[in-house]
Amino acid sequence: MRVSYEWLNTMVDLPADPHTLVAEFVRTGTEVESMEDTGAALKNVVTGHVLEAVPHPDSDHMKVCKVDVGAKNVDADGNPVPLQIVCGAPNMRTGINVPVAMIGAVLPGDFKITRAKKRGVESCGMCCSGRELGLDGDHSGILELPEGTEPGQDFAQWAGIGDVILDCEMTPNRPDCLSMVGIATEVSAIFDEDTHIEHPQVREEVGPDAHDLVSVRIDDPEMCARYTARVVRNVKIGPSPEWLAKRVSAAGSRPINNVVDVTNYVMYLTGQPLHAFDLGKLSEVDGRRSIVVRAARDGETIQTLDGQERQLTPDTCLITDNGERPVALAGVMGGENSKIDEGTVDVLLESAVFQKGHISRTSRGLDLMSEASIRFERQVDPEGCALVADIAAALFEECCGAEVCPGTVDVYPGKAAPQAIRLRPERVRAVCGADIADELQLRYLTRLGCTVEPTFQAEHRGRKVDAYLVTPPSFRPDLTREADLVEEVLRLFGMAEVPSTIPGAANHIGGLTVDQRRMRLIDATMRACGLSETLNYVYCDHRDLARLGMSEEGRGIPVQLMNPLVADQSEMRRTLIPGLLRSVAYNKDHGVADVTLYEMGRVLFGKKGKQLPQEETYLAGVLSGASGVQEWNVRPHELDFFDAKGIVEQLLETLRITKVKFKPADPARYGWLQPGRAAELMTRDGQVLGWVGNIHPRALKAFGIDDAVVAFELPVARLLKLATDQLPFQDIPTLPGVAVDLAIVVDESVTAELMAQRLTSAGGKLLTSVHLADIYRDEQRVGVGKKSMTWNLVYRAADHTLTSDEVEKAHNKLVTKVCKSTGGEVRA
Amino acid sequence: MAIVDDLKTIEEEAAAGIAGAADLAQLDQIRVAVTGKKGSLTSVLRGMGQLSKEERPVVGKLANEVRGRVEAALEARKAELAALELEAKIAADAVDVTLPGRRPAVGHQHLIKEIMQEAEDFFTGLGYVVEDGPYVDTTYYNFTALNAPEDHPSRSARDTFYVVDPSKDDNELLEAGHNTDRLGISELLLRTQTSGVQVHHMEAHKPPIYMICPGTVFRPDTADANHLPQFNQIEGLVVDEGITFGDLKGTLDAFTKAMFGEERATRYRPHFFPFTEPSCEVDVSCGVCHGEGCSFCKHTGWLEILGAGMVDPNVLENCGIDSERYTGFAFGIGAERVAALRYDLPDLRMLVTGDMRFLEQF
C-alpha cells in the first residue's frame with residue numbers, strides 16, 4: 001500500500017518529519033518497505049524569470065539568457081544575481097517564466113547539471129522542458145510557467161509535486177490498512193489524536209430512483225455478503241481534475257479518465273473496490289437493468305476487459321445481467337461486454353462485498369491479481385458499502401459532471417450483528433507482563449474505533465477483576481477475541497516498554513536425552529576419525545536405487561512428492577549413499593581428490609496401504625582418495641576397505657557395542673558393493689547392523705566417479721539400542737605378562753577371524769591377548785595360496801608370575817592345537 | 001714409607017686422569033684402573049697386610065681418605081661429563097620448529113548442525129528439552145492445529161510439497177515444476193515448519209512445557225543463492241502458568257546474545273502469524289555497522305532473525321490445554337539465516353554440495 005504523506009496529512013495531523021511516522025509505524029507493526037521523496041528529483045530546480053535572451057555569438061539557434069532566480073543565487077553581500085544560461089529552446093525569449101535547474105541539480109535519468117561552456121559562453125544551469133523534469137513527455141520547448149510566477153521558489157513546492165510516499169507492507173490480518181481511512185485511524189491511535197476526515201456529499205439528486213432503473217439479486221449469498229448499486233447519468237468522460245489525477249498517481253495507479261480514476265480513488269480512500277458498468281450495455285429484465293450474482297457454471301467463459309477469454313469453475317463468483325450473460329468476474333475484473341468507453345452515458349456503480357476465499361482462488365487460478373482482488377481476499381467491510389457508494393456518486397457528480405439518481409439498491413444477505421468482546425485489563429497485563437493502566441488500554445481501543453461499555457466484574461485466575469465489553473468496528477474483522485485486543489494494546493503500548501524477564505525453572509528440568517547425547521558422541525567419533533559432516537537433500541532421484549544397484553527389499557516403497565519442483569527430486573531418499581556419492585563426484589569434479597565425508601540423516605520408507613511412512617536416522621560415510629596430503633614427515637596411503645572398517649570398529653567401541661561380526665556380504669543382496677570387499681555387520685543375536693565396503697565400480701560409474709570409494713551405512717536407532725555407557729571395569733594387571741610371537745603359515749582361505757578364534761580357544765586361561773601383527777606373502781618362501789600371519793600373544797596369570805616352563809607348556813599346546821585345526825605350520 | 005708415597009702418587013695420577021677424562025667411558029676406565037678390583041689403589045690396600053701393626057691404622061686411614069677423594073672426584077667429573085653429554089645430545093637433537101607438525105586428520109562438523117547444537121545447548125541450560133518430529137505429516141499438524149485458515153495461501157501446492165498417501169488410491173501426480181495454487185491436494189505433506197512438532201508435543205505432554213525443536217523443513221523454493229528447497233529451523237515453545245510477553249523478550253534477548261554476541265541489541269516489531277497472538281518479529285542490531293546503517297543491513301541498522309509471539313489460545317485449546325490457565329510463547333529462527341548472517345555466505349547452495357573446501361572451514 002502506497003501512502004501519500006500529503007494526502008494522509010489532510011486526514012490526520014502528521015509529524016513534520018516523515019521519519020518520525022515511519023519509526024512509529026515500525027514500532028506498532030506496520031512495515032515500511034521504502035520511503036520515496038517525489039520532490040527529491042527536483043531538488044535545486046527553482047522558478048526563474050528570463051530578464052533577457054540574446055542570440056549566441058557563435059550559434060544560429062542558441063540564446064544567451066540572464067535568468068532571475070531571486071534569492072537562490074546571491075553575491076557576497078546577499079544581493080540576488082541573475083544566472084547566465086545558454087539555452088537552445090525555440091520558445092526561449094525575454095519575459096517568460098521558466099523552471100531552472102541550477103548547478104547541483106540531478107534531474108530524472110541521473111542527469112547532473114554542472115557549470116559548462118557552450119561554444120565558448122559560460123552556462124550556469126539549464127532551463128527545463130516538461131520531459132526533462134519528468135513531468136510529462138513534452139520536449140518541444142521549455143516549460144513556460146504562468147505570468148506573475150515569483151522567481152526563486154522551490155519548483156517542486158511551487159508545483160505541489162513534493163510529496164513523500166511510504167510503501168507500507170500490510171500483514172494479511174489488517175485489511176483495514178489497505179485504505180487511507182484505515183491508515184489515518186491507525187495514525188490517530190498511535191499519536192492519540194483525532195482524525196478529520198470529510199467525505200464529499202452528493203449536492204443534488206435528480207431523475208428516477210435507482211430502484212426503478214436497476215434490480216439486484218444474489219443467488220449465492222455465501223459468495224456475496226452485500227451488493228449496493230447507485231446510478232449516475234449523463235457522465236462526461238474526460239481527463240480527471242488535477243487533484244484527482246495526482247492522488248491516484250500517488251497511490252500507484254496511472255490516471256486514465258475521470259470515471260476510472262474516481263473508482264480507483266475511492267478504493268484507495270476507503271479500501272472498498274468499486275466497479276462501474278455501462279448501464280446501457282446491461283440487459284433489461286422487466287424494464288430494469290438487471291444484476292444477478294451467482295456462481296459460475298462448469299465450462300462457462302467470460303471475456304474480461306483486458307480482452308482475455310477466461311475459463312470459469314463453479315468456485316468463481318460471477319456478475320451476470322439477466323442471470324445468464326456474465327458481465328463481470330466479481331471482485332476481480334469487469335467484462336468486456338459491459339465496460340465503460342467513450343460512448344458511455346449512464347453508469348451503474350457497484351459497491352459490493354464478495355467472499356474472500358472465492359476471490360482468492362479465482363484470482364490465483366486465473367493469475368489475475370488486482371488492487372481489488374487483493375482487498376477482497378483479505379476481507380472488505382460490508383457495513384461500509386453504501387457509504388462508499390455515496391462518496392463515489394458525489395465524486396461522479398463533481399468530477400464527471402454526472403447527475404446522481406436518488407436511491408441505493410441494497411441487497412445485504414450477510415449482515416451480522418457486531419460481537420462484543422469481554423476485556424479484562426488484568427488479563428492484558430498478565431499476558432504482556434507490563435503494567436498498562438485500564439484507562440490507557442481503553443483509550444487505545446477507542447482510538448482504533450472500538451466502542452467500550454462500562455465496567456463489570458469477571459473472573460481471572462481465581463480473582464474478581466474489572467472487565468469491559470468492547471465492540472470492535474466492522475472494519476476490523478481480525479478482532480474477535482480477548483487475545484486479539486491484547487495484541488492491539490501491546491503493540492500501541494510498545495513491545496520495547498515491556499520489561500524482559502526469564503521464566504523461573506521451579507517446576508521442570510530439561511536437557512538432552514541419553515540417545516541425543518549418544519548421537520552427539522557419534523558425531524564426535526566421526527570427526528575424530530577424520531570424516532567431515534555434510535547435510536544432503538532428503539529429496540532424491542527416483543532412479544537412485546537402480547543406479548546404485550541397491551534392491552528395494554527392506555526399504556519399503558518410496559515417499560513420492562505429488563508436486564515436485566524438479567524431476568530429480570521427486571522422492572524422499574531411502575539410503576544416504578547416493579547423496580554422498582554426488583558429493584564425492586562434486587569434489588572430484590572440482591579438483592578435490594581426497595574426500596572423507598559422513599552424514600547422519602533421515603531416510604523414509606513408505607508402506608503400501610499405510611498413510612505415514614517409517615522415518616529412520618541412518619549414519620553413512622564415504623572415503624575416497626588418500627588419507628591426507630603428503631607431508632615432509634607423513635606418507636599418506638590410499639583409503640581402502642580397512643579405513644572404513646576401522647572407523648566402524650572405532651564407533652562400535654565408542655558406543656561400547658561388543659560382539660559384532662563382520663561377515664562377507666552376499667553379492668546377491670549387496671549389489672551396490674564390490675564382491676570380496678564388502679562386509680555385513682551382524683550382532684550377536686543375528687541382527688544386521690549395516691554394512692561396510694567398496695562401492696561397486698558399476699555404481700560409481702553411474703554416479704560419474706572414476707576412483708575407488710569405500711563406504712558404510714548403519715541404522716542409528718539400532719546402534720543406540722545396543723549402546724551402553726560403560727562396560728564393567730576390569731582391574732589393571734599387576735603381574736608381568738610374557739609376550740610370545742607366533743608366525744604361522746596357513747591357506748589364504750583361513751580368515752583372520754577364524755585364526756583369532758582358534759588361538760583364543762587353544763590358549764586357555766593363561767592367554768590374555770591375541771593380536772595380529774603382520775601378514776606376509778611370498779610364493780617362494782611361504783608358498784602359493786598361502787600366507788604367513790604373525791601373532792603377538794601375551795600369557796599372564798592373575799595370581800602369580802609365570803615361569804618359563806609354564807609359558808612354554810601352554811604355548812606348545814597352543815601351537816599344536818592351532819596347527820591341527822587350521823592346517824597351519826609354524827614358520828621358522 | 002714407600003706405601004704412603006705410592007698412595008700420593010696414585011691420588012695425583014688419578015686426579016690428573018679424572019680431570020683429563022674426555023667422556024664417561026674414559027672416566028670409567030680410570031675408575032677401574034684405580035678403584036676397580038685390580039685397580040692401583042685396591043692393590044695398595046691389598047698390600048696392607050705386609051705393614052706393621054703400628055703402620056697399618058695410619059696407612060689405612062690415609063688410604064681410605066685417598067679412596068674417598070678419588071671417588072668424589074670421579075663422581076664430580078661424572079656429573080660434569082653427563083651434563084656435557086646431555087647438552088651435546090640436545091644440541092644434536094634440535095629441529096626446525098617452523099616445519100609443519102604431524103596433525104591427526106580430524107573432521108569438521110557441518111556449520112548448520114553446529115548452530116543447531118549451540119541453540120540446543122543454550123536452551124537445555126534453561127531447562128528445555130529437545131524434540132524432533134516426522135518429516136511427513138498431515139495437514140492437521142502442519143496447518144490446521146496451528147490456526148492456519150483453510151484457504152491460507154501457504155497451503156497451496158506452490159508453497160507446500162504434498163505427498164502421495166499410500167492408504168488412498170486416487171493420488172494425483174503433477175508433472176515436475178507444474179505447481180498450482182490449488183490448496184490441500186493431499187492430506188499428507190512434507191512439513192513446511194517444525195511447528196507441528198510443538199503440536200505433537202503438546203498433545204503428548206501436559207504443561208509445564210519448555211521445549212525446542214530444531215529440524216529440517218521443506219518448501220517448493222527453487223535452489224538459488226538465497227533459497228533452498230530444504231532448510232533448518234529452530235523453533236521453541238513454552239507453556240506454563242503465568243508466562244508473559246516479557247518472558248518471551250527476556251528469553252530471546254539472552255538467546256540472541258548467546259548466538260550473536262553480548263553487544264548485540266534486539267528490537268521487537270509487532271507482526272502477524274496465525275499461531276501466535278500477539279506476534280512479533282525480532283531484529284538483532286547489525287554486527288557490521290552496530291546499528292548505524294550499512295549495506296549489509298540495507299541501511300536500517302537491524303537484521304531480521306526471529307518470528308515469535310504468545311501462543312494463540314486456539315492452538316492451546318486444539319491441543320487440549322486450558323488457555324485461560326496457561327499461557328505460553330513460541331518462536332522460530334532459521335539456522336541458514338543465522339549462518340548467512342554470521343559468515344556472510346554468498347550462496348546458500350554451498351551448504352548442500354558437500355564441498356570439502358567449504359566444510360573444512362567450520
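## Strand S7 of chain B

A hairpin of two residues connects strand S6(B) to strand S7(B). The model is a predicted one. S6(B) covers residues 266–273, S7(B) covers residues 276–285, and the two run antiparallel, joined by seven bridges. Within this pairing, Thr266(B) has Val284(B) of S7(B) as its bridge partner. S7(B) also pairs with strand S8(B), residues 302–311, again running antiparallel, here through eight bridges. In that pairing Val284(B) stands opposite Leu303(B) of S8(B).

S7(B) is mostly covered, with 10 of its 10 residues buried. In a regular strand, side chains alternate between the two faces of the sheet. One side of S7(B) carries Thr276(B), Pro278(B), Cys280(B), Val282(B) and Val284(B), and the other carries Glu277(B), Ser279(B), Glu281(B), Asp283(B) and Ser285(B); all of these are buried, and both faces are covered.

## Domains of chain B

The domain assignment of chain B places residues 2–93 in domain 1 and residues 111–359 in domain 2. The C-alpha centres of these two domains of chain B are 88 Å apart.

## Strand S23 of chain A

Strand S23(A), residues 347–354, is likewise mostly covered: eight of its eight residues are buried. Val347(A), Leu349(A), Ser351(A) and Val353(A) lie on one side, while Leu348(A), Glu350(A), Ala352(A) and Phe354(A) lie on the other, and both faces are covered.

S23(A) has antiparallel pairings with two strands named here. Strand S14(A), residues 224–233, is joined to S23(A) by eight bridges, and Thr228(A) stands opposite Ser351(A) in this pair. Strand S15(A), residues 274–278, pairs with S23(A) over five bridges, also in the antiparallel sense. There Phe277(A) stands opposite Leu348(A).

## A three-stranded sheet in chain A

Chain A contains an open sheet of three strands in the order S1-S12-S2, with antiparallel pairing. Strand S1(A), residues 2–4, and strand S2(A), residues 31–37, are the edge strands; each has a single partner strand, so one side of each has no neighbour in the sheet. From one strand to the next the twist averages 25°.

S2(A) and strand S12(A), residues 164–169, pair in the antiparallel sense over six bridges. In this pair Val32(A) stands opposite Cys168(A) of S12(A). Helix H6(A), residues 242–251, packs on the sheet and touches S1(A) and S12(A); the direction of H6(A) makes about 140° with that of S1(A).

## Helices H7 and H10 of chain A

Two packed helices are described by the angle between their axes and the distance between the axes. For helix H7(A), residues 258–270, and helix H10(A), residues 385–399, the axes come within 10 Å and cross at roughly 145°. The crossing is right-handed.

H7(A) contributes Asn258(A), Val262(A), Thr263(A), Tyr265(A), Val266(A) and Thr270(A) to the contact, and these meet Val388(A), Ile391(A), Ala392(A), Leu395(A), Phe396(A) and Cys399(A) of H10(A). By type, the residues of the contact are nine nonpolar, three polar and no charged.

## Leu329 of chain A

Leu329(A) lies in strand S21(A), residues 326–329. Is Leu329(A) buried or exposed? Leu329(A) is buried because 29 other C-beta atoms lie within 10 Å, and 20 or more is the cut-off for that class.

Leaving aside neighbours within four places in sequence, the contacts of Leu329(A) are Ile302(A), Thr304(A), Arg310(A), Thr316(A), Leu318(A) and Thr362(A). Asn258(A), 71 residues from Leu329(A) along the chain, has its C-alpha atom 23 Å from that of Leu329(A). Asn258(A) is one of the residues through which H7(A) meets H10(A).

## Contact between chains A and B

The contact takes 89 residues from chain A and 80 residues from chain B. On the side of chain A that touches chain B, the elements giving two or more residues include helices H2 (18–28), H8 (356–365), H11 (425–432) and H14 (514–528), and strand S32 (595–605). H13(A) gives the largest share of this side, six residues.

By type, the residues on the side of chain A that touches chain B are 43 nonpolar, 32 polar and 14 charged.

Key. Residues are numbered from 1 along each chain as its sequence is written. Chains are lettered from A and ligands numbered from 1 in the order in which they are written. This is a predicted model: local features need pLDDT of at least 70, side-chain atom pairs count only at pLDDT 80 or more; totals for chains, interfaces and linings use all residues. Domain bounds come from an automatic or database domain assignment. Two strands pair if DSSP finds at least two bridges between them. Helices (H or I, at least four residues) and strands (E, at least two) are DSSP runs, numbered from the N terminus. Axes are lines fitted to C-alpha atoms, for helices over the stretch in contact, and angles run from 0 to 180 degrees between N-to-C directions. Two residues are in contact if their C-beta atoms, placed from the backbone, lie within 7 Å. A crossing is left-handed if the near helix is turned anticlockwise from the far one by less than a right angle, and right-handed if clockwise. Ala, Val, Leu, Ile, Met, Phe, Trp, Tyr, Cys and Pro count as nonpolar, Asp, Glu, Lys and Arg as charged, and the others, Gly among them, as polar. A residue is buried if 20 or more other C-beta atoms lie within 10 Å of its own, exposed if 12 or fewer, and partly exposed in between; C-beta atoms are placed from the backbone.
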